Amino acid sequence: MKTLYKTKVTTEGGRNGHAKSEDGVLDVALSMPKSLGGEGGEHTNSEQLFGAAYSACFGSALQEVAKMHKVDLGDFSVTATVKLGKTDKGNLQLAVILDSYLPGVDVKKGEVLVEEAHEMCPYSRATRDNIDVTLNLLLDE
């Protein structure tokens, strides 16, 4: 693999700790959600950070695919719903729902764009066959 970008993030204290990137741009306190036994609060958590990263990456893949198909996405968005649960064996497991809102794009073309973006996106490829990822296409009525 030819490296195009590299970053380093260090987290101290796990889910109730602090994460900071080597350049200081990312510098966030973390708290465990109440539903996982934490206090919750005003700080972000691992699942929110993953959702932000995945939805941003998927959105960029959508832009690239749309450009190849000469489609204007307009004011599109991608929302990632990240779920953390337990498997039958008691292991923690992630699942993600990606809602791609593509206003002004017809259903057939939208489905092609979302599927091709899912093939292109490095987060989609990294999670493929590891977690459940549901792709939803949201359009204007």
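## Helix packing

Helices α1 and α2 are oblique to each other (angles under 35 degrees count as roughly parallel, over 145 as roughly antiparallel, 65 to 115 as roughly perpendicular, and the rest as oblique). The angle between α1, residues 46-68, and α2, residues 107-120, is about 120°, and their axes lie 8 Å apart. Axes are lines fitted to C-alpha atoms over the stretch in contact, with angles from 0 to 180 degrees between N-to-C directions. Helices are DSSP runs of H or I with at least four residues, numbered from the N terminus.

This is a predicted model, in which local features need pLDDT of at least 70, side-chain atom pairs count only at pLDDT 80 or more, and totals for chains, interfaces and linings use all residues. Residues are numbered from 1 along each chain as its sequence is written, and side-chain values use heavy atoms, without hydrogens or water.

## Residues at the contact

From α1, Y54, F58, A61, L62, E64, V65, A66 and M68 meet L113, V114, E116, A117, H118 and M120 of α2 (contact means heavy atoms within 4.5 Å). The residues of this contact comprise 11 nonpolar, one polar and two charged (Ala, Val, Leu, Ile, Met, Phe, Trp, Tyr, Cys and Pro count as nonpolar, Asp, Glu, Lys and Arg as charged, the others, Gly among them, as polar).

## Cysteines

The structure holds zero disulfides (a disulfide is a pair of cysteine sulfur atoms within 2.5 Å). The closest cysteine sulfur to that of C57 is in C121, 3.6 Å away, which is too far for a bond.

C57 is buried, at 17% relative accessible area, and C121 is also buried, at 0% (buried means under 20%, exposed over 50%, partly exposed in between, with a 1.4 Å probe and protein chains only).

Methods:
Helices (H or I, at least four residues) and strands (E, at least two) are DSSP runs, numbered from the N terminus.
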